[in-house]
Amino acid sequence: MASVALAHLDPASRAAARGWSDLTIRNMFIVPTLVFLIVFNIFPLIYSLGYSFTNFAANRSEPWQFVGLQNYRELLSDDHIWSNFIITAKYVIVSVAGQMIVGFGLALLLNRSFPMKGLITTLLLLPMMMSAAVVGLFWQLLYSPSWGPINYVFGLGDFAWLSNPDSALYAVAITDVWMWSPFVMLLSLAGLSAVPQHLYEAAAIDRASWWYTFTRITLPLVSPILLIALIFRTMEAFKTFDIAYTMTTQPTAELIAIRLYKQAFQQWDTGKSCALAYIVLIMVLAITNLYVKYLNKVKER
Amino acid sequence: MRKIVTSVVAGIGLALACGTSVRAQDKELTIFWAEWDPANYLQELVNDYTAETGVKVTVQTTPWPDFQTKAFTEFNAHGDAYDMVVGDSQWLGAGSTQGHYVDLTDFFNQHKLGDVMAPATIKYYAEYPGGSGKYWAIPLEGDAIGWSYRKDWFEDPKEKEAFKAKYGYDLAVPTTYAQLRDIAEFFHRPDQKRYGVAIYTDNSYDAMAMGVESAIFSYGGDLGDYATYKVDGITNSKEAAAGLDMYKELYKFTPPGWGKTFFVEDNQAITGGLAAMSMNFFAFFPPLVNKATNPYADATGFFANPAGPDGKRFAALGGQGISIVSYSKNKDEAMKFLEWFIKDETQKKWADLGGYTCSQAVLKSEAFQNATPYNKAFYDTMFMVKDFWATPEYAEVLDQLNQNIYPFVVGGKGTAQEALDKTAADWKATFTKYNRYK
């Protein structure tokens, strides 16, 4: 009988009727989340930090030894690793710049009324919804010198995009631009739609040029959200693995994430790979911090 | 009374018989291997073992690119998911020294497998360290690099005449790398979408390394002294550099974009009518003689790896031995399975199903050599094979080789000598790091 009565109450009143306080209810939601976070995020993070100071190799039965900063020293003095970082930096610059230009350009085009705008916007968003490995294999076929449409359309003959050490990295970056420009477009569209229309109307009355309106009104007001897109995409591009791994094995396109994978799961150099993961993490944090500082300055203006 | 006693005895007998049967059926063995045709043949073979003993044997497979990672992840976790593994030859060092494989030396000696299996298969699939007399696997699937070619192109009178006019000798199956290069150049006609040769170029694991090795070994080079870990002057010898130069030369005559290719693409080069000759492991040749998978099956021929300039003839070893995983809970049962597997009749059945037996007796038999168009070439090759380093740090060593030779072969950067000098330096540093120089 009591349960029938409780069934008519809303959840909060039901909880109250059972004698649960707000604190109990809050804890019921927060505690599992905290446990999950500690077990699956914080603990492995600390554990792997510990491993980074050892010579632990997951495929050896001998006990590991504490080696201090040796792994970090060796990694930072390894030419191969620096070459991987330089390749990654090039990739991040080309890929993120491409995404920002294409994504923001598309957003400017879509920020007006035209027939089937909703459908076209949805279609443009499709690439970022696909699996990165599938996108990599798909673009591998597109780039094929034998039957790929890219060479045919641009009249490039037998040009081997992915086998050529000079073009492999850029071929992967182009694929990343195709996949993630829609993300930038989406954020930019949100920013553009938030710009007050009366500013454009005032500019039109003053007969301001398109360029003047764009540089003095649109860009300053959209830049905070563009910076957020830039932060997300830089972090992601820095960690790119799947697209590059499936598309090419060119050493000139070996991003730091691929080197990390090889070190950890092909060579089983666990201690050193943990150290490399921390170096990458610190670099990503440093770059993100710079962006965030700049973002705060932009917001203060 | 007599009836009662008879019934009771019969009942007990039946119960015991059923009990035994149930217990046998409860026993299961799992063999882990890569996903390819020989694994299917093995599953077919072990079904006989199940029929004989009641022990269910499952051959569990995973795609080749994941094979090493998945196997070692399980080993490292000391997992008992697999009772046996058909592991790559270069895993022997890691598998034995890191405690993943059961020592099979006593088993090996007891069954005199040294006299039963082909010498190269014992040396490379079973023994570690080399020459130590310690054995960790039973040779299961023999394999090596061989070649397929378009017989109809080679036998076309017009082509033969044109070839003779251009090169001054008859167009035939190449017996030297120099001839192979000439034939590749001769048939390389990009305007007709015909290309000279298909070789391995994928450097994500051991594909390209195996292709390059075949050339280096035949040119009189070596990858190092596997007993002393000496690399200076061996890995980067003039002979090794000449072999690598030849591999780079062959790359010029491959189909366009041939920069990340392994067994699938090299078979497609023949089935798609793209190339005159194609390198591949023998185990991947069955689809080439099957009309359902190769429209040119009747016109496809096979030959063993050609010789270098001094007549030396070697080929890179593929194939695998079967090892008992030391974390298995069914080690005794796995040992019984191996006893069954090495029997002559089992080896013969294994060869009949399409597996590449390592049994000398079966290999030498005419029945085996005439069973397929490529078995004779396989037999020839199995007595001239050499392998990559099987040292525990082979993965690091393999990656270093890939990093140095790939830019030269596919990217055209630097010279063969520079690529091998760098490799020798990297390997020396790696072996020093792992205290290999005593």
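What follows is a set of questions and answers on a predicted model.

Reader: What makes B:Asp399 and A:Lys262 a salt bridge?

Author: The closest N and O atoms of B:Asp399 and A:Lys262 are 3.3 Å apart. The rule asks for a side-chain nitrogen of Lys or Arg within 4 Å of a carboxyl oxygen of Asp or Glu, so the pair is called a salt bridge.

Reader: What makes A:Arg259 and B:Asp399 a salt bridge?

Author: Here the closest N and O atoms are 2.8 Å apart. The limit is 4 Å, and therefore A:Arg259 and B:Asp399 form a salt bridge. The pair crosses between chains, from helix α13 (residues 256–266) of chain A to helix α19 of chain B.

Reader: How many salt bridges does the rule find across the interface of chain B and chain A?

Author: Three are found across that interface. A search of the whole structure, over all chains, gives 29.

Reader: How is the size of an interface often given?

Author: It is often given as the accessible area lost when the parts come together. Chain B and chain A bury about 2,600 Å² between them, and 45% of it is on carbon and sulfur atoms. Of the area that chain B buries against chain A, B:Gln98, B:Lys260 and B:Gln403 supply 21%, more than any other three residues. Counted by residues, the contact takes 32 from chain B and 30 from chain A.

Reader: What makes B:Ser326 and B:Gly99 a polar contact?

Author: A polar atom of the side chain of B:Ser326 lies 2.4 Å from the backbone oxygen of B:Gly99. The cut-off for a pair of N or O atoms is 3.5 Å, so the distance falls within it. B:Ser326 lies in the loop between β10 (320–324) and α14 (331–341) of chain B. Leaving aside neighbours within four places in sequence, B:Ser326 is in contact with B:Gly99, B:His100, B:Tyr101, B:Val102 and B:Lys331.

Reader: Why is a space called a cavity and not a pocket?

Author: A space is called a cavity because a 1.4 Å probe fits there but cannot get out, whereas a pocket is an open set of points. A search of the whole structure finds four cavities of 30 Å³ or more.

Reader: What lines the largest cavity?

Author: The largest cavity, with a volume of about 100 Å³, is lined by 14 residues. Nearest its centre lie A:Asn59, A:Gln266, A:Gln267, B:Pro392 and B:Ala395. The largest share of the lining, three residues, comes from α19(B). The lining divides into seven nonpolar, four polar and three charged residues.

Reader: Which residues line the second largest cavity?

Author: Among them are A:Lys262, A:Gln266, B:Tyr205, B:Leu398 and B:Asp399. About 70 Å³ of space lies in this cavity, and α19(B) gives the most to its lining, with four residues.

Reader: What is the volume of the second largest pocket?

Author: Its volume is about 680 Å³. Of the 27 residues that line this pocket, A:Asn55, A:Ala57, A:Arg60, B:Lys433 and B:Tyr434 are the closest to its centre. The most comes from α4(A), with three residues.

Reader: Is the peptide bond from B:Tyr128 to B:Pro129 cis or trans?

Author: The bond is cis, with omega near -5°. B:Pro129 is in the loop between α7 (119–125) and β4 (138–141) of chain B. Most peptide bonds are trans.

Reader: Is phi of B:His78 positive or negative?

Author: Phi of B:His78 is near 55°, which is a positive value in a residue other than glycine. Most residues other than glycine have a negative phi. B:His78 lies in the loop between α3 and β3 (84–88) of chain B.

Notes
Residues are numbered from 1 along each chain as its sequence is written. Chains are lettered from A and ligands numbered from 1 in the order in which they are written. This is a predicted model: local features need pLDDT of at least 70, side-chain atom pairs count only at pLDDT 80 or more; totals for chains, interfaces and linings use all residues. Side-chain values use heavy atoms; hydrogens and water are left out. Contact means heavy atoms within 4.5 Å. Buried area is the accessible area (1.4 Å probe) that two parts lose on being put together, summed over both. On a 1 Å grid over the protein atoms alone, a cavity is a set of points where a 1.4 Å probe fits but cannot get out, and a pocket is an open set with protein on both sides within 12 Å along at least five of seven lines; lining residues have an atom within 4 Å of a point. Grid points are joined across faces, edges and corners, and a volume is the space filled by probe spheres set on the points. Helices (H or I, at least four residues) and strands (E, at least two) are DSSP runs, numbered from the N terminus. A polar contact is a pair of N or O atoms within 3.5 Å; within protein, one must be able to donate a hydrogen and the other to accept it, and residues adjacent in sequence count only if both atoms are side-chain atoms. Ala, Val, Leu, Ile, Met, Phe, Trp, Tyr, Cys and Pro count as nonpolar, Asp, Glu, Lys and Arg as charged, and the others, Gly among them, as polar.
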